[in-house]
Amino acid sequence: MDIRTYAGHLAPGAPDFVYLPVEVPPGTTRLTVRYSYDRAPGNACDVGIFDQRGTALGGPGFRGWSGGARDEFTIAPHEATPGYLPGPVDAGTWHVVLGPYTVAPGGLDYTVTVSLDDASTTAGVAPGSGFPPADTGRGAGWYRGDCHLHTVYSDGRRTPADVADAARARGLDFIGTSEHNTPASHPAWGAYAGPDLLVLTGEEITTRNGHCLAIGLPPGEWIDWRYRATDRVFDRIADRVRDLGALLVPAHPYGTCVACTWKFGYARADAIEVWNGEWALTDEATLAMWDGLLVAGSGWTPAMGNSDAHSYDDVVGLPQTVVYAEALSRDGILAGIAAGRSWITDDASVDLTFAVTAGDATAGIGERLAAAPDTPVTVALDVTGVPDATVRIVTDRGAVHTAAADGPVRWTTTPAYTSYVRAEVRHDDDVTPHGSMAAMTNPIFLDTTR
């Protein structure tokens, strides 16, 4: 057993990431890292590791990340601590990465101990043998899902089995994995997927200028997070996500945690997480921002909602995005989200239909209806499962119609008056000035013909 100890001090203004080189000799079969630091108020330090292939942005050397969720991890050929990737412990210069998230005025002292073992190891489950299937075999329909979930593979408390059980109990048809900065959980999900539950592998990309989801990454793929908006590399990252066939979704854009506020803009987003967890003022702010993007009219980015569940007290599927997909498959769900053929709700007991009609033409959520400027257009919303609630019909002019959610809601407009229409269903409470959200839709657009 070869044990190395590294100690140092980080002052305020330290780099976002500090790389400690570790020379790994030939014949090493197991590497264990333990770290500690001065946890005075204002200090927070993450940890991860890159192997001998290097630390280049997006490069092949990534071997794991646990953030601040644990103070010890091990990597061996056939096993690894959750958050880390099993595989050979090859000779060369590895790097333990410290991420001083915040540093107190007095600075941050740290100690890192690396243990290198050459003992023989036993064979285990080969990495990648448990990836979930990309298709359930189910056809077109409306499907409910939650694509922002954390397990013990990052800073969550649930196991993948716990999350899958909770998802089924909440009436979900699909879920997305979103561990912080690591794909390590991907091989664990095959055992919990099935015809009734599609599992989309992904990642929460946790940068220092906000978080975003990469939904539907190919199993085992990893997206780097080590940059700020001023580094001007985000377009490259967004291209990588898109090249892999996944969706990029800014998460909780007005989150109040350190580095949670989204600062990369929305031009490269495929959707926006407008609703995160229980409805709060931060969601109200995100909704207002998103609606402003709709009013601006320079294209549009669909809304989605996810639970961001970490602990057992966090409700999986609160909220959930209800997506129309051609199949309950990776490609089907991602296409439905990207097209905005979806609405969001706080519970599987809530159901709604929302459409606009002009003459013989009808359009649904995420679609467009074209008619002459003065053609009467009927907006129809039917919602069930939400007692004591109020419906708000919202257009580019604001909230234009309100009604009790105890029966069919109808409102008439014209394409000349309204460029888009969407619906909100609000609980009658005082969580926010308009009440907390029970359900909301993506818009339907009204186009004028000449």
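Modeller: The surface comes first. In this predicted model, the chain exposes about 17500 Å², and carbon and sulfur atoms supply 51% of that area. Buried residues make up 55% of the 450 residues. The chain holds four helices and 29 strands. Its radius of gyration is 24 Å, close to the 22 Å that the globule rule gives for 450 residues, so the chain is as compact as a globular protein of that length. Of the contacts with a separation of 6 or more, 71% link residues 24 or more positions apart.

Now the cysteines. A disulfide is a covalent bond between the sulfur atoms of two cysteines. A search of the whole structure finds one. This disulfide joins cysteine 257 to cysteine 260, with 1.4 Å from S to S. The torsion about that S-S bond is about -40 degrees, so the disulfide is left-handed.

Cysteine 45 is in no disulfide. The nearest cysteine sulfur, that of cysteine 257, is 17 Å away. Cysteine 45 is buried, with a relative accessible area of 1%.

That leaves cysteine 212. Its closest cysteine sulfur is in cysteine 260, 12 Å away, which is too far for a bond; the cut-off for a disulfide is 2.5 Å. Cysteine 212 is buried, with a relative accessible area of 1%.

Key
Residues numbered from 1 in each chain as written. Predicted model: local features only at pLDDT ≥ 70, side-chain atom pairs only at ≥ 80, totals over all residues. Heavy atoms only, no water. Helix = DSSP H or I, 4+ residues; strand = E, 2+ residues; numbered from the N terminus. Rg over C-alpha atoms; globule rule 2.2 N^0.38 Å. Buried < 20%, exposed > 50% of the residue type's maximum accessible area, 1.4 Å probe, protein only. Contact = heavy atoms within 4.5 Å. Areas by Shrake-Rupley, 256 points an atom, 1.4 Å probe, with all protein chains shown as cover.
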